[in-house]
Amino acid sequence: MSSTDSPVSAPNRPASAGASNDLESMLARIHQLAESTRTEGQAAVAAPVAAPPREVSGTNTTMIDPPTLAAARSIRTTPPPASRNAEAEDAEPWRPLEPQSLKAAGVSESQLEHLALKCLAACGEMSGRALSDQHAIPFRLLAPVLQEMKLGQLVAFRGSAPMNDFVYQLTDMGRDRAKKLSELCSYFGAAPVPLATYCDSVKEQSLTKQHPTQSDLEKAFADLLINKNMLKRLGPAVNSGRGLFLFGAPGNGKTSIAERVTAAFGDCIWIPRAISVDGEIMRVFDPGLHTEAPLNEPTGPLQMKPIDLRWVRIKRPTIVVGGELTMDALEVQSSAGVNVSEAPIQMKSNCGTLVIDDFGRQRMTTDQLLNRWIVPLEKRYDFLQMNNGKKIQVPFDQLIIFSTNLEPKQLVDDAFLRRIPYKIEVLDPSEEEFRALFQIMAPKLGIRFEQSALDHLVNNHYKAIHRPFRCCQPRDLLLQIVNYCHYISKPPEMTVEYFDYAVANYFAIM
């Protein structure tokens, strides 16, 4: 066989091979383009840069030297959308991808039919794609169900809609069916997610898989003046993902510390809008407690991996409850709808932080609360009883922080304290820290810092009468000055006279 007769792959054949070779070359090129489109995100992220950025130590700013910066710009000034999307995806431990079938979604045709009937009964008429958006199910999966409903004379065409769609309305038979279904369950929102799928999602996004470092904790507390020793004690407690006690005098920032701990675990997680348990619907997403964080990615055909819209991307939750906490909030609650439940507070805080503020001042006794959670704190799962009587096992995966002004030994026994491995006392600030708080707060409130006035305050109103420093007092005293100056129509200032006035008001009965 001559060299011209040896087999060569189509893309590498010379142009003189003939028309058939040209066709094979074109098809191979199309195949290559399709493959590169699917892998563009990873390829863009993995693309080598001439030289990595060099950090300049000794400063708080990361600097890139000019040659490296020029090399980086010569390759790509702005990464393409696919690259940014791949980076965002890699930053998240788990994502709910769009289901390719109703079986994969964990939704039956009858469930979807029931949701559509109740929705049409409430709204009158809707297009197929509007119903798809309402129930967060891809239109290609909903369309066959709507067709069956049309053949079963439950719905009728009201008119045509764009993109090969129709506007649907209920027939008399469909209206009767919808009324009976609403009496059993009034929910017609996003299609629920199976309980098992929710449990798997919590496992994938668990706090126990996150291991915040010292730099993560410093970023989380960047807006607070916090003692370095406190960060050293908080670090291991946060890494454990288990409960901790914060105790100490009021006004030293226990609640502020507890609220910022979540930021060390990462930004966002995914939770379902609702889950289904043997036909009963339980709502998990709560707009009053959860903050949505939508993806900044293209949707539709441009999205490489479409997201299951039954899930909501939220900021990792930090839920704070205080004296209003009752035993009812720890159990499945009946909603205003029929056969629709609300998840308990600890379930809504999964993969985040639950702060029990003012522990010991709740409307229930501490023994009731601790007995309710003594097993979940140990086993990391909880048992809930649904309204239909069924008991389910759900993850108990959050960092629970008990914040109290009281001594922990006065509240709980040793058996419970053993299950809270970290007990951290939040101490009073030193005089140096107290003065630094005034330097931080004064510019934020529009007041020029005056050292002499602060010396008068510290020497005459604190040291002279042995009054302890508190972290909240610099802010509170300066606000007293601001409000007084607004009242007398003068610019706020740090003066001896104004500090004397603020102290007389603030410490009147303290």
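## Helix 9

In this predicted model, helix 9 comprises 13 residues, 172-184, and its first and last C-alpha atoms are 19 Å apart, close to the 18 Å expected at 1.5 Å a residue. Gly 174, Ala 178 and Leu 181 are the residues of helix 9 reported here as buried. They lie on the same side of helix 9, because the arc they cover around the axis is only 65°. An α-helix has 3.6 residues a turn, so residues three or four places apart point the same way.

The other side of helix 9 carries the exposed residues Asp 172, Asp 176, Lys 179, Lys 180 and Glu 183. The buried residues of helix 9 are covered by elements that include helix 6 (109-123) and strand 3 (165-170).

## Overall organisation

The protein chain contains 21 helices and 17 strands. Of its 510 residues, 43% are buried. Among contacts in the chain with a separation of 6 or more, 72% are between residues 24 or more positions apart.

## The largest pocket

The largest pocket holds about 930 Å³ of space. It is lined by 37 residues, of which Leu 224, Leu 225, Asn 252, Gly 253 and Cys 471 are the closest to its centre.

Several secondary-structure elements contribute to this lining: helix 12 (228-240), helix 13 (254-260), strand 16 (399-404) and helix 18 (431-444) each provide at least two residues. Divided by class, the lining of the largest pocket consists of 15 nonpolar, 11 polar and 11 charged residues.

## The cavity

Across the whole structure, the search identifies 1 cavity of 30 Å³ or more. The space in the largest cavity amounts to about 70 Å³. Its lining is formed by Tyr 198, Ser 201, Val 202, Gln 205, Ile 269, Trp 270, Ile 271, Val 284, Met 347, Lys 348, Asn 350 and Cys 351.

At least two residues of the lining of the largest cavity come from each of helix 10 (195-204), strand 6 (268-272) and helix 14 (345-348). By class, the lining of the largest cavity has 8 nonpolar residues, 3 polar and 1 charged.

## Positive phi angles

Most residues other than glycine have a negative phi. Ala 136, although not a glycine, has a positive phi of about 55°. Ala 136 belongs to the loop that connects helix 7 (128-135) and helix 8 (139-151). With a relative accessible area of 8%, Ala 136 is buried, since this value is under 20%.

Asn 164 also is not a glycine and has a positive phi of about 55°. Asn 164 is located in the loop between strand 2 (155-161) and strand 3. The relative accessible area of Asn 164 is 71%, so this residue is exposed, the cut-off being over 50%.

## Thr 366

Thr 366 is located in helix 15, which spans residues 366-379. Its relative accessible area is 16%, so Thr 366 is buried. When neighbours within four places in sequence are left aside, the contacts of Thr 366 are with Phe 359, Gly 360 and Leu 411.

Notes:
Residues are numbered from 1 along each chain as its sequence is written. This is a predicted model: local features need pLDDT of at least 70, side-chain atom pairs count only at pLDDT 80 or more; totals for chains, interfaces and linings use all residues. Side-chain values use heavy atoms; hydrogens and water are left out. Helices (H or I, at least four residues) and strands (E, at least two) are DSSP runs, numbered from the N terminus. The expected span of a helix is 1.5 Å times one less than its number of residues. Buried means under 20% relative accessible area, exposed over 50%, partly exposed in between (1.4 Å probe, protein chains only). The arc is that of the directions from the helix axis to the C-beta atoms. Contact means heavy atoms within 4.5 Å. On a 1 Å grid over the protein atoms alone, a cavity is a set of points where a 1.4 Å probe fits but cannot get out, and a pocket is an open set with protein on both sides within 12 Å along at least five of seven lines; lining residues have an atom within 4 Å of a point. Grid points are joined across faces, edges and corners, and a volume is the space filled by probe spheres set on the points. Ala, Val, Leu, Ile, Met, Phe, Trp, Tyr, Cys and Pro count as nonpolar, Asp, Glu, Lys and Arg as charged, and the others, Gly among them, as polar.
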